[in-house]
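I want the ring pairs first, then the charges over rings.

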Amino acid sequence: MKLKKRKWLSLLLCFALILSLMPTAALAAGNVFSGGNGTEASPYEISDLATLEAFREYVNAGSGADEYFKLTADIDMSENYGADIGGSEISWTPIGNGIIVPFTGNFDGGGHKISGLYINSTSDYQGLFGYVGEGGTVQNLGVDGTVNGIYYVGGVVGRNDG
């Protein structure tokens with residue numbers, strides 16, 4: 001009888017460990033953004049470069065469809081992205097990185113500006129947003145920087161089908 005209890009306890013602990021390793025979109029979103037709940041009335045808030053990078057990872061992992069996002073401050077990317085960052089070239093990876101994973105949410109720049117964008121790529125779909133798919137919107141946003149790519153290249157959006 002004692003052996004069966006240990007076996008069940010071991011199985012229960014393994015199951016709990018597996019569940020703890022599986023992220024959910026809601027849990028991930030709650031930990032990523034500065035505020036908001038992703039609705040039109042209360043968009044997820046992006047207030048700094050770390051949150052913008054986390055937003056990119058959230059979208060490029062397949063999340064964010066039909067959700068609402070709002071930039072709440074100007075962001076300068078130049079300390080993290082450029083031709084010579086600590087002796088290396090570091091390019092921004094676009095949000096919505098292609099036809100397979102486009103951005104199909106709603107992004108409001110709130111009249112803010114993202115400066116220092118740097119992309120030097122030999123790929124398509126290059127810009128702050130690489131590909132905005134059908135139904136996606138990007139508005140009220142200023143962007144400056146350097147963007148190089150092959151096809152579908154732009155400062156704000158490389159390709160826009162939204």
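I searched the whole structure and got 17 aromatic pairs. Rings of Phe, Tyr and Trp (its six-membered ring) pair if their centres lie within 6.5 Å; planes under 30 degrees apart count as stacked, over 60 as edge-to-face, the rest as tilted. This is a predicted model: local features need pLDDT of at least 70, side-chain atom pairs need pLDDT 80 or more, and totals for chains, interfaces and linings use all residues. Residues are numbered from 1 along each chain as its sequence is written, and side-chain values use heavy atoms, without hydrogens and water.

Entry one. I looked up Y44 and Y58: their ring centres are 6.4 Å apart and the planes are at 80 degrees, so I log the pair as edge-to-face. Y44 is in strand β1 (residues 44–46) and Y58 in helix α3 (residues 49–60), 14 residues apart. Helices (H or I, at least four residues) and strands (E, at least two) are DSSP runs, numbered from the N terminus. Both Y44 and Y58 are buried (under 20% relative accessible area, 1.4 Å probe, protein chains only; exposed is over 50%, partly exposed in between).

Entry two. F69 and F103 make a tilted pair, with 6.0 Å between centres and 55 degrees between planes. F69 lies in strand β2 (residues 68–71) and F103 in the loop between β5 (88–90) and β6 (106–120), so this pair ties together parts 34 residues apart in sequence. F69 and F103 are both buried.

The charged end of R56 sits over the ring of W92, 4.4 Å from its centre. The criterion is NZ of Lys or CZ of Arg within 6 Å of the ring centre and within 35 degrees of the ring normal. R159 has its charged end over the ring of Y152, 4.9 Å from the centre.
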